Amino acid sequence: MKNKKLQFDNPDSRIRYYELMLERSLDNIPEYALPPGYRFVFYRQGDRDSWIRIEQSAKEFSSYEQGLDAWNRYYGGREHTLLDRMVFAENAEGKKIATATAYYDISGRDQSGDAWLHWVAADREYQGRGLSKPLITHVLGIMRKLGYTHVKIPTQTTTWVACRIYLDLGFVPVPQNAASSRDGWNMIKALTNHPALESYDAAAGTEMLLSNRLV
């Protein structure tokens, strides 16, 4: 079966899962303006459920309870740190419809001091409206103001469209991850044909599926 016959959603649970990690310097951050009618705001007390709703709409979570568990794991007891780190995009009616956070590795395994870009998501209804690149670059600028010089972003093969956006913005695979998840990056090459992945070999369509059947 040829790749062109396969159509993938984002995220797509049929795709083989590999953890991916990208990085870039915080120098020379590109600028993208929000479309008219939208604005950026910082997290304020009470915004937790808006964050969960956005992430659930983007299919990061299958339920509110799953989102609440993630919130408590990543931000529980740290909400005060989000006041100048967690960003939302709002529409003209003041509804929060996208989010990303200028954060760090909460596990403590990354001792580099790098910033980590956390939980980038847009409400399903607002995807494809030109919000992602303005949101991400806005948050990269916040990282710079917070004193960071380098940023990492963890992601996965199932959210391959996000990988394409990060590559467009100058992110590249972290060398260790490029080696340990090379099969995953071969899949991203096949799905995006991105010029930044010229050194990778595009995976065959059926190699990217959890099974040989399209389900």
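The buried residues of helix H1 pack against helix H2, strand E3 (86-90), strand E4 (96-103) and strand E5 (115-122), where helices (H or I, at least four residues) and strands (E, at least two) are DSSP runs numbered from the N terminus. This is a predicted model, in which local features need pLDDT of at least 70 and side-chain atom pairs count only at pLDDT 80 or more, while totals for chains, interfaces and linings use all residues. Residues are numbered from 1 along each chain as its sequence is written, and side-chain values use heavy atoms, with hydrogens and water left out.

**Overall fold**

- The secondary structure of the protein comes to six helices and seven strands, and read along the sequence these follow the pattern β-β-α-α-β-β-β-α-β-α-β-α-α.
- For 215 residues, a compact globule would have a radius of gyration near 17 Å, and the protein agrees with this at 17 Å; the radius is taken over C-alpha atoms, and the globule rule is 2.2 Å times the number of residues to the power 0.38.
- Along its principal axes, the C-alpha trace of the protein spans about 50 × 35 × 35 Å.
- Buried residues make up 49% of the 215 residues, with buried meaning under 20% relative accessible area, exposed over 50%, and partly exposed in between (1.4 Å probe, protein chains only).
- Among contacts between residues at least 6 apart in sequence, 72% join residues at least 24 apart, a contact being heavy atoms within 4.5 Å.

**Helix H1 and its packing on H2**

- Two packed helices are described by the angle between their axes and the distance between the axes.
- Helix H1 (residues 48-57) and helix H2 (residues 64-74) pack at an angle of about 120 degrees, with their axes 9 Å apart; axes are lines fitted to C-alpha atoms, for helices over the stretch in contact, and angles run from 0 to 180 degrees between N-to-C directions.
- H1 and H2 are therefore oblique to each other, given that angles under 35 degrees count as roughly parallel, over 145 as roughly antiparallel, 65 to 115 as roughly perpendicular and the rest as oblique.
- The crossing of H1 and H2 is right-handed; a crossing is right-handed if the near helix is turned clockwise from the far one by less than a right angle, and left-handed if anticlockwise.
- On the H1 side the contact involves Arg-48, Asp-49, Trp-51, Ile-52 and Gln-56, which meet Tyr-64, Gly-67, Leu-68, Ala-70 and Trp-71 in H2.
- The residues of this contact of H1 with H2 divide into six nonpolar, two polar and two charged, where Ala, Val, Leu, Ile, Met, Phe, Trp, Tyr, Cys and Pro count as nonpolar, Asp, Glu, Lys and Arg as charged, and the others, Gly among them, as polar.
- The buried residues in H1 are Ser-50, Trp-51, Ile-52, Ile-54 and Glu-55.

**Helices H4 and H6**

- The axes of helix H4 (residues 160-168) and helix H6 (residues 182-192) come within 10 Å and cross at roughly 85 degrees, which makes H4 roughly perpendicular to H6.
- Trp-160, Cys-163, Arg-164 and Leu-167 of H4 make the contact with Ile-188, Leu-191 and Thr-192 of H6.
- By class, the contact of H4 with H6 has five nonpolar, one polar and one charged residues.

- Lys-59, in the loop between H1 and H2, has a phi near 70 degrees, a positive value in a residue other than glycine, and at 46% relative accessibility Lys-59 counts as partly exposed.
- Asn-193, found in the segment after H6, has a positive phi of about 50 degrees although it is not a glycine, and at 57% relative accessibility Asn-193 counts as exposed.

- Tyr-200 lies in the segment after H6 and is buried, with a relative accessible area of 8%.
- Not counting residues up to four places away in sequence, Tyr-200 touches Pro-173, Ala-178, Arg-182, Trp-185, Asn-186 and Lys-189; Tyr-200 and Asp-183, 17 residues apart in sequence, are 9.1 Å apart in space, C-alpha to C-alpha.
- Gln-7 lies in the segment before strand E1 (19-25) and is exposed, with a relative accessible area of 62%.
- Gln-7 touches Asp-12 and Arg-14, again not counting residues up to four places away in sequence, while Gln-7 and Ser-132 are 125 residues apart in sequence and 22 Å apart in space, C-alpha to C-alpha.
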